[in-house]
Amino acid sequence: MEALYVQCIIRILQKKYTEKGMVDMENPEHTLIATLLSARTTDIQVLNVYPGLRKAFPTLLDLARAKESDIATLISSIGLFRNKARAIKALAQMLLEEFDGKVPNTLEELIRLPGVGRKTASCVLWYGFGIPAMAVDTHVFRIAHRLGWVKGKTVEIVEQELMHMVPKDLWGEVNRIFVQFGRDICRPGKPQCWRCPVARWCGFSSKTPKP
Ligand code: SF4
């Protein structure tokens with residue numbers, strides 16, 4: 001796929017999908033914890049629990065000292081809440097002990113934090129710090145394959161393929177627009193290809209006809 005086509009597709013989707021990302025909280029700490037909470041959970045569920053969690057535990061010190069069970073109770077409506085409560089407490093402790101209470105701004109440091117993988121780290125870099133990063137979540141992985149942009153079977157390989165293909169200043173946008181595009185049109189299961197604004201450039205072999 002030529003770089004020009006890639007940029008063209010991104011520009012078209014940028015015009016269609018203008019909402020900011022759910023974890024775009026203009027603060028690395030909020031972005032980090034909200035992204036951690038968002039695994040296997042809807043945005044609405046995260047936004048429902050996050051304000052209550054931070055009202056009860058406003059600072060990292062509060063979270064580090066909190067009982068894991070108290071954190072779990074506050075986030076019990078979301079998936080994997082016990083694991084997430086454990087990770088949040090441990091993460092707050094590590095940030096205080098090793099990072100002077102500040103969220104680090106490199107991928108290598110971020111992925112050392114409990115519960116933080118490459119996708120979460122990349123979300124923090126882009127949404128929290130404005131540092132270009134390629135956050136490959138389930139939507140990005142699926143859509144990049146359907147479009148014919150990538151062939152990789154793992155998130156790490158797809159991340160590398162996309163970073164080679166997409167200009168650096170658009171890396172963060174790929175996550176923001178593909179998440180919205182993936183929920184709206186290029187859905188898991190059957191995509192609604194007849195509504196797709198980039199269908200003419202898409203290499204997907206099973207495009208869905210208009211019902
Ligand atoms: S044509 Fe279909 S599969 Fe291809 S990007 Fe559009 S919605 Fe997704």
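Reply: Gladly, and please keep in mind that this is a predicted model.

Me: Which residues of helix 11 are buried, and what covers them?

Reply: The buried residues are Trp171, Gly172, Val174, Asn175, Arg176, Ile177, Phe178, Val179, Phe181 and Gly182. Their cover includes helix 1 (3-16), helix 8 (118-129), helix 9 (138-147) and helix 10 (155-165).

Me: Why is Arg183 called partly exposed?

Reply: Arg183 has its place in helix 11, and it has 14 C-beta neighbours inside 10 Å. A buried residue needs 20 or more and an exposed one has 12 or fewer, so a value in between is called partly exposed, and Arg183 with its 14 therefore counts as partly exposed.

Me: How do you know that the span of helix 11 agrees with its number of residues?

Reply: The expected span takes 1.5 Å times one less than the number of residues. For the 14 residues of helix 11 (residues 171-184) this should give 20 Å, and because the end C-alpha atoms are 21 Å apart, the two values agree.

Me: What makes up the largest nonpolar core, and from which domains does this core draw?

Reply: The largest nonpolar core has 56 residues, and those with the most contacts inside it are Ile88, Val124, Val140, Ala144, Leu162 and Val174. This core draws at least three residues from each of domain 1 (3-20 + 134-201) and domain 2 (28-129). As for Val124, leaving aside its neighbours within four places in sequence, it is in contact with Pro28, Thr31, Leu32, Thr35, Val103 and Leu110.

Me: How many residues of domain 1 are in contact with domain 2, and which helices supply them?

Reply: Eight residues of domain 1 are in contact with five residues of domain 2. Helix 10 and helix 11 each supply at least two residues of the side of domain 1 that touches domain 2, and the residues of that side divide into four nonpolar, two polar and two charged. The C-alpha centres of the two domains, for their part, lie 26 Å apart.

Me: What residue classes are found in the shell around the ligand?

Reply: The shell has ten nonpolar, no polar and two charged residues. Among the residues around the ligand are Arg146, Leu147, Cys186, Cys193, Cys196, Cys202 and Lys207. Arg and Lys count as charged, whereas Leu and Cys count as nonpolar.

Notes: Residues numbered from 1 in each chain as written. Predicted model: local features only at pLDDT ≥ 70, side-chain atom pairs only at ≥ 80, totals over all residues. Core = buried A, V, L, I, M, F, W, Y, C linked by C-beta atoms within 7 Å. Domains from an automatic or database assignment. Contact = placed C-beta atoms within 7 Å. Near = placed C-beta within 6 Å. Helix = DSSP H or I, 4+ residues; strand = E, 2+ residues; numbered from the N terminus.
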